[in-house]
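Biologist: I'd like a close look at one part of this model. Could you walk me through it piece by piece?

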Amino acid sequence: MFENILRIYGLNPDETNVQQFGDGLINHTWKVETKKENYILQKVNTEVFKKPVDIDENLTMLRNYLSKANPEYLFISPVSASNGQSLIHTDAGYYRLFPFVDGSTSVNALTSKDEAYEAAKQFGKFSKILAGFKAEELNITIPNFHNLILRYEQFTEACRNSSSERLEKATECINFINEHQDIVNTYREIISNKNIPLRVIHHDTKINNVLFDGQNKGLCVIDLDTVMPGYFISDVGDMMRTYLCPATEEETDFSKIHIRKEFFKAIYDGYMEEMATVLTDDEKQYFNYAGKFIIYMQAIRFLADYLQNDVYYGAKYEDHNFNRAKNQIVLLQAYLKLEKELMN
Ligand code: ADP
Ligand code: MG
Ligand code: MG
């Protein structure tokens, strides 16, 4: 199956070993081993990314910029095939090949606050070294990805169109979301504040999008498909949503949901280690808003999907999206309780 693609990259299929690799949820990923070098082969998920060419263009722009501005930075961009292209289109889909970062590991669940620190430092470093790049030049690979105003509108629309059965079941959650609309209003303030710039933002700060070395030090960030112009609260907030709590959004025993304050400190310290000299004073005011921004948005998205019969996320069991929404609401409640203390 891969023969054709390997040949396009000038690799000999008879001397190449290809195996599924990693635990990414979006793209198909394989490790390609050759006598000389190892690679990551990826098939782009075109359900999520409608225009793979836009991603490829973004990576090229960033690579060109960094090759001058910061050549030492480990920027993982796709290698060119024999035809000079870094994105290959075949009947089977869109493919690209990255150099495999030898000696690297990635983790799927945080095991210590040191990992949170290292990851936050890497995501901070990424925005820092690209602070001189005009973020607006990047293609938008997922329109309105973190547009909370639109997400909130979609949620109210979902409430209007829901079956009465699901609407009734979700009443308490819907009320909670509506009672916390100040979170949407703060987002409005942020996007209209001229001292809060659009930056080059990663937008998918899951822990397995950071590569670590053998000593558990962060090496670099990977999975750059969602790199777009955005606000720093997106990356910081997504780290808070996914690093602060020991349980994931799939947990249905909500007693396991709590905030680990020392992980908040680790995210703050790691991110600020790089970004303290880059962020404006206005941005810094919103550091702990970031957590509630992203957790609230995720709760809305799960709830809206439940009300629309699970068309977007799908459901592995009857109340799957309802439970995910409740889980995120419990997380948000825990966050709001500690909000004032977290920055101390
Ligand atoms: P997805 O978008 O599906 O999450 P990723 O780009 O994150 O795909 O890749 C999935 C996994 O493959 C990563 O979590 C990591 O373990 C591994 N991986 C990806 N790129 C590299 C690379 N250049 N070197 C080593 N491992 C990688
Ligand atoms: Mg990934
Ligand atoms: Mg991805």
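How far apart do the end C-alpha atoms of residues 18-248 lie, and what percentage of the span is helix and what percentage is strand?

Modeller: The end C-alpha atoms of residues 18-248 are 31 Å apart, with 38% of the span helix and 16% strand. Here helices (H or I, at least four residues) and strands (E, at least two) are DSSP runs, numbered from the N terminus. Bear in mind that this is a predicted model: local features need pLDDT of at least 70, side-chain atom pairs count only at pLDDT 80 or more, and totals for chains, interfaces and linings use all residues. Residues are numbered from 1 along each chain as its sequence is written, while chains are lettered from A and ligands numbered from 1 in the order in which they are written.

That span carries a UniProt label, "domain: Aminoglycoside phosphotransferase", from an unreviewed entry. UniProt positions follow the numbering used here, feature names are shortened, and annotations may be inferred rather than shown by experiment.

Five strands make an open, antiparallel sheet in the order 1-2-3-5-4; two strands pair if DSSP finds at least two bridges between them. Strand 1 (17-20) and strand 4 (88-90) each have a single partner strand, so each edge strand has one side without a neighbour in the sheet. From one strand to the next, the twist averages 30 degrees (axes are lines fitted to C-alpha atoms, for helices over the stretch in contact, and angles run from 0 to 180 degrees between N-to-C directions).

Four antiparallel bridges join strand 1 to strand 2 (residues 28-33). Asn 17 has Glu 33 of strand 2 as its bridge partner, and Gln 19 sits opposite Lys 31. On to strand 3 (residues 38-43): strand 2 pairs with it over six antiparallel bridges, His 28 being bridged to Lys 43. Strands 2 and 3 form a hairpin, with four residues between them.

What about the ligand? Among the 19 residues around ligand 1, Gly 22, Gly 24, Ile 26, Ser 106 and Asp 223 come nearest, where a residue is near if its C-beta atom, placed from the backbone, lies within 6 Å of the molecule or strand. The shell has ten nonpolar, eight polar and one charged residues; Ala, Val, Leu, Ile, Met, Phe, Trp, Tyr, Cys and Pro count as nonpolar, Asp, Glu, Lys and Arg as charged, and the others, Gly among them, as polar. Domain 1 (3-99) and domain 2 (113-342) each give at least three residues to the shell, their bounds coming from an automatic or database domain assignment.
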